[in-house]
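Here are my notes on this one, as numbered points. Have the viewer open while you read.

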Amino acid sequence: MLKNYLKMAFKVLLRRKFFTFISLFGISLTLVVLMVAVALFDHTFGAYPPETKTDRTLGIFFVEFRSPDDHSMTNGFAGYTFLDRYVRTLPNVEKVSLYSFPTTAVSYLNGAPVTSWLKRTDGEFWQILDFKFLEGGPFSPQDEKDRNFVAVINETTRKRFFSEGPAVGKFLEVDGQHFRVVGVVPDIPILRIVPFADIWVPISTAKTDTYRGQKLWGNYLAMILARQRADLKMINDEYHDVLKRVEFPDPKQHNKAFGEAETLLDLGSRLFLLEKSYGESPVKRFMAWLIFLMVLFMLLPTINLVNINVSRIRERSSEIGVRKAFGASSLTLVGQFVVENVLLTLVGGGIGFVLSYGVLHFISSTGLIPYAHFGVNYRIFLCGLAITLFFGLLSGVYPAWKMSRLHPAVALRGRG
Amino acid sequence: MTKHLLTLVWNRRRANALVVLEIFISFLVLFAAVTLGAYYADNYRRPLGYSYENVWDISVGSLMEMISGDSAAEDKKNITKRLLAALREFPEIEASAGMDNPLFSIGTSNNNYYHQGRKTLASFCAVTDGFQDVMRLELVRGRWFEAADDALDWDPVIINQRLANELFGSEDPLGKNIGNPEEKRQARVVGIITEYRENGELFEPENYVVARRKLTGVSDDAMLHIVIRVRPGTTAAFEETVMTRLLATARGTSFEIKPLAQVRASFMRVCMAPLLAIGVVAAFLMIMVSLGLVGVVWQSVTQRTTEIGLRRALGGTATAIHAQVLGELVVITSVGLLLGTALVAQLPLLGVMTFVGTRVFLVGLGTSLALIYLLTLLCGLYPSMLASKIQPAEALHYE
Amino acid sequence: MIRLSNVDKVYRTSQIETVALSSINMEVKEGEFISIMGPSGSGKTTLLNILGLLDVPTRGTVRLNGGELTSYRDRDVARIRNREIGFVFQTYHLISDLSVVDNVEIPLLYRRLRGGERRKLAREALERVGLSSRIHHFPSQLSGGQQQRVAIARAIVGKPRILLADEPTGNLDSQMGDEIMDIITSLNRQEKTTVIMVTHDPRLAAITERIMRLFDGRQVN
C-alpha cells in the first residue's frame, strides 16, 4: 500500500517539475532558517564541555541597585567586593567561583599588534569547569592568593605567540603585563560566554586594586556549584535573603539590591520575556514562545504551499473520481495526499538539512562568531526531523481534506 | 479589461488575501533595506572634511574602566598634558592632539546654538590645540585655536560651513556669540571649516561645532582619546614603542591604539550589519512571496481551464491569455503595494525616517516598487505559459 | 438486485433549480443486461451515477440486494462501491502516471490484499480482456480500444456483481467498439454479471435484454 503511494507520489512530483521545484525551494529555505536557529540555540544553551555540570550550576550575571525613591537605578555586572562578600559566603553550596567579563587586551609580536580576549578568574573557576588541557594545567586558588603572574591560554593564542611549539613555561606579554604560561586549552566559542576567553589570568594580577574597592558594581560574575540539582531553588532563595541584608556604602544613592542566581537558560528566558525576576520558571514560557514563533514562521510558507498543493490535487480530479468510484473512502484519499506531501517535505527537509550544515560551516569559517564550531548533533537532527514532519502535515492536511471531499460525479465529469 | 481583472481578483479574494498580505509585508521590509542602502550610498559620496590616513586613535583607559570608574583618580591628574608631552618627543609623530568624542562611532553630543533669535541644533566635540594638523581640517575663514586662548574670558569655537549658513545666512559669523544668550560665559566663533563628519561617511552631514579644551591640570580635563598623525612609511612596529611609552607615563591606565582606517573599517562593518540583516530577511520574504504568487496564479489557472479553453475557442490568442493571467497577478500585487505605499507615505508625516531626506526616500520607494513588480512578472511567466498552451478541444472535452 | 423507488434528483444553486431525474422507478434483476437510452440532457448519466452510488437521490430510495440504503456515509458507500460495483467510463479515466497493471490493481488496493495477491488477480483480469502482453505499458502507449479494455479489466478485477458502463464505446471506432461489446456481453453471459449500460446507439441497445428510455429526466416508453 505504502509502496503504491510512494510510487504515485514520485510520479506526481515529476509531472509538474516547475511547481515541485518551487515548493522544494520554499520548504528547504524555511527549514534552513529554522535549523540554523535551532543550532545556534543549542550551541548557546546546550551543555557542551567545559561546562559539564550545568545541571547543578547557577550563575550571578546581573545585579540591580535602586535608589530609595526608585527613581534611579544601576544595572550591570556586580563588583568583585560585592560577590566576594555576599556570594562566596552563601551556605549549602559546594563551590563558588568569581570571574571577570572578558576585555580586549593588546600584545605586540614582532612589532605587530595582537588583540586577545582577557579574562580574570580565581582558582575555583578551573575546579567547577571541566577544561581539557592540551598542555599543563590550571592555576590554583593559591596562585590567586600569592598574586602569581601565571596564565592559561587557548590553542589559537599558543599558535600566535609560540608557533607550533609547546607553551608551558614560556612567557607572554599582554596589556603591558608579563605572565608565565601554565596551561593550554582548546579554543572555546564565544557563544559559551561563561568559560570564553583567549587568555585566563588570576584576578589578583589586576593592574590596580580598585576592584577591591567599596563600589558594588563592576566587571565581575559568579558561578555557583550546588551539591545536587535539587538544591538550586534553595540557593536562589538564600541569595534573595542575602540581598535583603546588603550594606550600602551610600544609602542615599542606593538602598535596595535585586538579582537572581540562575542558569544561563533562565537568564536568556528572563531577558527574552523582559522580566525582572521570576515567579514561575521562565524557561517553560520562553520555550513556549519560541515554539509559537517557530510555528508562526512556518505558517507563511505553509499557506503558500497549500495553494500550490490544492492546484496540484485539483489537476488530478479525474484520478480522485476514479479512486472513489472503485472504493476509496475520503479518509483513504486524505491519507494518500498527506503521504505524498510528507514525502515532498522530507525531500525539502533533506535538502534544507544539508544546506543548513553548509550555512553553519560557513558561519564558523568566516569567524563572525569567534571560534564557533557549529556541528550538527543528534539533538539538532531530531529537532529538524520533527519540524519537517510537522511542516509536511501542516501543509498537506488542508488541501488533502479539501480535495478528498470532491464529489465523484463532479470529478469524473471533468477532463478524462 | 482592467475592471474585468479587478472582478476576477475580487471573486477569489480569500485565496488572494494572503498573498496581498505577504506582498505588503515584504514591500515594507524591502523598502527599509533599499532606503537604508540608498541613504548610505548618498552620504558616502560627500566629503568627510578630514583625512584619516596615517592617523592613529589612542583610547585612553579601557571601556570597562570608564564604565566602572576603576582607574585611580591620582593617575588621571594632568594625564592628557603628560601623554601629549610624551608623544611630542617622537620624531615619527607629526602632530598629536586630544579629543573627546571618538571618530567613526554612533554616539554624538549635541547642543543648541543661537543667533539673533534663531536657534539650531549642532553636534559638538572638544579638542586640544593642534587638532587641525592631525586631522588636516580645511579652514575657510578665521583662525585656529592657540595657546593665548587660555586667557580669554569667553570660549572660542570653530564651526562648519553648514552651521554658518544656517545660523548666519550671508552675515559674517566671525567674532559673533552663538551660545545661549542667558549664559554669562559665551561661545564665540573664531574660525569656519568646510566640514567635520564625526560619524563617518555613512551618516548625513550635520551642523558641527568644535570647541577648545583647556588643559588646566585638574583631573576632569582627562580626554578620552588622543589622535596622532604618523609620518608616511611608519611601520606598525612603532605602535609597540608608543604603547610602552604611554604605559610608562600613566601606569594604572590601559590604552588601545588603532589606526583610524581600521576603526573606520570596523565601524562600517557594524553599520552595514543591520542593512545586511534586513536585506537577508527581505530576500527570504521575496522568495516566500514568489511561492505565494505562483501558487495563487496556478490555482487560478487550474480552476479555469475550461474557461481558458473556451476563450481560445472563441478566438482568443495566446498573447491575450498571457495578458489575462499576468494582468490578474499585477492587480493582486498592486493592491498589496498600494497598501504598503500608503503606510510608507505616512512615515515622514509621523516623523519617522525623516533623516533620510526626500530624495533618498523617493528613490527607495521607487526601487522597491519596481523590484516587486519585476518579481511578479517573473513568477507569472511560467504559469501563464502553461495557461496559453491549453488547447480548446482538450479543455472543453467532457460529457 | 437493484431497485429504485420514486427517485428524484434535483440540483439546486442559490438561484436555479434543475430537475435531472423525476419519479424514477426501476428494478434490475441479477444477471440482467439492460441499457438506458435517451437524448442528451435526459439524465442518463445522473441515473447511472445514482445506481453506482456516486450520487445521492434528492428523494426516493435505493435498494441493493434487498437492503435499503439509508446511510450514505462515506465509509459505508465506499465499501459497497469497492465490492459490488465496477464502473466503465466513456473517457476511460485511466491514471496516466501508472502502468496498465497498476491501474487495474486500484480497486484491490482498497481491499487490503497483499501485493502478490493483487498482482495475480490483475493479471487474470487483463487476460480476461485479452491484454496479457501489455501489462507494463502506460496508457499513452495504447490505442483507445486497448485503454477501454484496461478500464474494463479494472472494473472486473474485484469480481463485482454489477457492471455499470457509461457509453463505453462512445470514443471508439466501430471495430474497437464491437470488440468491447463482445467482452461486456461475455461477462454477462459467462460470469453472470449484471450489466447496466448507458448508450445512445440503438444498435448496441438492441443487443441488451431490456431498454429503459429517459426523456427530460422521466421514464418513457
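1. Helix α5 of chain C (residues 144-156) lies across β6 and β7 of chain C, at about 170° to β6(C). That angle is taken between N-to-C directions, from 0 to 180 degrees, with axes as lines fitted to C-alpha atoms, for helices over the stretch in contact. Contact means that two C-beta atoms, placed from the backbone, lie within 7 Å. Helices (H or I, at least four residues) and strands (E, at least two) are DSSP runs, numbered from the N terminus.

2. Some bookkeeping: this is a predicted model, where local features need pLDDT of at least 70 and side-chain atom pairs count only at pLDDT 80 or more, while totals for chains, interfaces and linings use all residues. Residues are numbered from 1 along each chain as its sequence is written, and chains are lettered from A and ligands numbered from 1 in the order in which they are written.

3. Now the sheet in chain C. Six strands make an open, mixed sheet, ordered β6-β7-β8-β3-β9-β10; strands count as paired if DSSP finds at least two bridges between them. β6 (85-88) and β10 (218-220) of chain C are the edges, each pairing on one side only. From one strand to the next, the twist averages 25°.

4. What covers β8(C) on its two faces? C:T194, C:I196 and C:V198 sit on one side, C:V195 and C:M197 on the other, and all are buried. Buried here means 20 or more other C-beta atoms within 10 Å of the residue's own, C-beta atoms being placed from the backbone (exposed is 12 or fewer, partly exposed in between).

5. On the pairing of β8(C): β3(C) (residues 33-37) runs parallel to β8(C) over four bridges, with C:S35 partnered by C:M197. β7(C) (residues 162-166) is also parallel to β8(C), joined by five bridges, and C:D166 has C:V198 as its bridge partner. The link from β7(C) to β8(C) goes through helix α6(C) (residues 174-190) as a right-handed β-α-β crossover, meaning clockwise from the first strand over the helix to the second, with the strands pointing away from the viewer. α6(C) lies across β3, β7 and β8 of chain C, at about 150° to β8(C).

6. Finally, the interface: 21 residues of chain C contact 22 of chain A. On the chain C side, α2(C) supplies the largest share, six residues.
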